[in-house]
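Work through these exercises with the model in view. Try each task before reading its solution.

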Amino acid sequence: MKNNIHKPKSKIWMTILPMYLFTIIFIAGPLIYMVALSFMTKKDVWGVVAQFSTASYQKILKPVYMNTFIQSIKLSFATTIATLIIGYPFGYFMAKLSERYKKLVMFLVVVPFWTNALVRMYGWIIIFRSNGVLDHILMKSGLTRTPLKLLYSYPAVLIGMVYSLLPFMILAVFSSTEKMDWSIVEAARDLGASRLQAFLTITLKVTLPGILSGIILVFIPSMGLFFIADILGGGKVMLVGNLIRDQLFTTRDWPFAAALSVVLMIVTSLFIWIYRKITHVKELEGIL
Amino acid sequence: MKDIILEIEHIEKSFGDTQVLKGINLSIEKGEFITLLGASGCGKTTTLRIISGLETPDKGSIKLNGIDVTKDEPNKRNVNTVFQNYALFPHMNVETNIAYSLKLKKVEKNQIKQRVAEALQLVQLIGFEKRMPSELSGGQKQRVAIARAIVNNPDILLLDEPLGALDLQLRRQMQIELKNLQKELGITFIYITHDQEEAINMSDRIVVMKDGRFEQVGTPHEVYDLPKTSYVARFVGTANIIRGQIETMEKETITVHMKSGNVQVKRTDSPLQIHDEVTIAIRSENINLIEENDGEKIQIVEGKVSKDEEPLGLTGIVKEKNFAAGLLRINVELIDGKEITASRHGIDSTLEVGDRVRVSWKPETYVLVDMVDKYTKNSNSSILQNTLEPSLISMSPDVTDGTKSTKCSLTDIPAIDDGKE
């Protein structure tokens, strides 16, 4: 008996070890390397010198780069809000569908993941470009007279971002709405709540965890995505992601790229932290 | 005339192709305790949802205090529901759950506090104000659901199988508490259950539902002792349903002929003729079993049968003895193969499995049921043949279990007989 109890305990480190190794090698290691790199000095043509410097961080404070950060944050907020506005009703009504249609819609939501994201972005070029599919439809139906010139603009990037991150919001909202017991909404109606009141005080509150995780799932990747801004923004829209990529591959200023990455990580974490603080309080109060 | 609080008129409701309610009518007086009794799927929950406004009827109307509310949203009706699964708001504690309707009505904060405290007092949950629903037991959740519904002082309280998920002991206790609560508050209760004992214990009137129709509406006494249809007789209490043909009609009595013998029943006002098919319901506790042993007759279940009545009765063989909940049930297979159940208190019985018995009852303890059915059936002789087939059914409250145990006993009997010989 004793052996039976002790055996798993003594071997438990063996099952945990790979997890720790993986974390150290692939997550902690690169992270430390990146932070270290950000404090080094750039060599003239290629590589870095191990000489402590905060020059890279000072460089970020320049208005050009600060603006890039601000634009990135703005776009991320816009993307998150837009996915929430579209994704919430979508996920909500999807949860209300009959089993058969639910499966079908779920399939349609997930199907884009089967194709490479880059390829899907090129699809948007065909739609957005001057005299492309969208212009053609709008001009034929008489809604616009001249081409919209949507491609290589801020709205195009926003649409692309919303498009690629929307499924995360939909699925997060869907899963929390589907778990909800609809009889509590009926109970609210029975107790005197109008449809809107029942939605605001019951449905919205109970599906809040879904909304919260949806926001995180959309906001974090939206801060770092750069290929959408490249393909649909045509270089006109510069995000932190693009900046880092350019510094790394074009300018080859590795310390600066590392510093930008560190700041991006800190900014994102800061937003998540504030967000957690706010929503946690709201969730607990549970007032009408 | 008493105050009529709710009038249900010709309500019909279909979901897709299935008609769930087929035209129901009911008037409910203020302060009444009404129970809708029926098997699952008979439309009782739909009836309740239509009263609360969560469902709109296809036809018919609902009048609350004389005002037509058929088209009114549920939040416009002063009717509250205790849901089957309690439906407590998971993100609110006990206090905020109960205060929900009052907050919507914008009642003053001090008053809310006072009324929530009163409601908690009524359901004996003082001290649980800050608990979340997930931290409560089934019985406590039940109490919160009741408190939440009564805090609003509804005209009618609707209860959808509120005790269904509780264990037997707690259920009995809650039955008494609910009944007391209803007396104390004077609120009209409309209560749903599939448990006939619950219905009989608590209600002023019982509505027996079957397939979207009201089979019978009446006091517990009426429904139990004077069932109108064989369904009511079987569903409420244990009744044996026997079909036979009228052989002779005298001034006071009617003799009914069956394959396994003749029985006598009291004559009623019903327009019956000789050779009419009739259905008789007899409660198992009213059945006498007399052992037939070389012409010597011993009576074993209380009630006296004089020698003059001897020729009447049905002949059969004891198939099974089963003791449950203080009642000894004796299944008798009649010579035509049908089964009948007699019951008596205690476990004592001189009858053994395999004994030949004569089945009889006092003429006044039977009820003629399905009088309406009789005429529709008579119009078509082929249907008559079919309906005659299950002419004798033994019924216990749990119908399916009864038939299962019967089947068991049939296979067991030869072995027991062998042992005896």
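**Exercise 1.** Determine how α2 and α3 of chain B are oriented to each other.

Solution. Start with the model itself: it is predicted, local features need pLDDT of at least 70, side-chain atom pairs count only at pLDDT 80 or more, and totals for chains, interfaces and linings use all residues. Residues are numbered from 1 along each chain as its sequence is written, while chains are lettered from A and ligands numbered from 1 in the order in which they are written.

Step 1. Locate the helices. α2(B) spans 94-104, and α3(B) spans residues 109-122. Helices (H or I, at least four residues) and strands (E, at least two) are DSSP runs, numbered from the N terminus.

Step 2. Take the angle and the distance. Two packed helices are described by the angle between their axes and the distance between the axes. Here the angle is about 125°, and the axes lie 10 Å apart. Axes are lines fitted to C-alpha atoms, for helices over the stretch in contact, and angles run from 0 to 180 degrees between N-to-C directions.

Step 3. Classify. Angles under 35 degrees count as roughly parallel, over 145 as roughly antiparallel, 65 to 115 as roughly perpendicular and the rest as oblique. α2(B) and α3(B) are therefore oblique to each other.

Step 4. List the residues that meet. α2(B) brings Glu95(B), Ile98(B), Ala99(B), Leu102(B) and Lys103(B). α3(B) answers with Ile112(B), Arg115(B), Val116(B) and Ala119(B). This contact divides into six nonpolar, no polar and three charged residues. (Ala, Val, Leu, Ile, Met, Phe, Trp, Tyr, Cys and Pro count as nonpolar, Asp, Glu, Lys and Arg as charged, and the others, Gly among them, as polar.)

**Exercise 2.** Describe the side of chain B that touches chain A.

Solution. Step 1. Count. 21 residues of chain B are in contact with 17 residues of chain A. Contact requires C-beta atoms, placed from the backbone, to lie within 7 Å.

Step 1. Find the elements. β6 (79-82) and α2 (94-104) of chain B each give two or more residues to this side. The largest share, five residues, comes from α2(B).

Step 2. The side of chain B that touches chain A has nine nonpolar, nine polar and three charged residues.

**Exercise 3.** Trace the pairings from β14(B) to β11(B), then on to β12(B) and β13(B).

Solution. Step 1. β14(B), residues 277-283, joins β11(B), residues 239-249, by seven antiparallel bridges. Ile242(B) stands opposite Ile280(B).

Step 1. β11(B) joins β12(B) by four bridges, again antiparallel. These two strands form a hairpin with three residues between them.

Step 2. β12(B), residues 253-258, joins β13(B), residues 261-266, by six antiparallel bridges. This hairpin has two residues between its strands. Thr253(B) stands opposite Lys266(B).

Definitions and conventions
Contact = placed C-beta atoms within 7 Å. Pairing = 2+ DSSP bridges.
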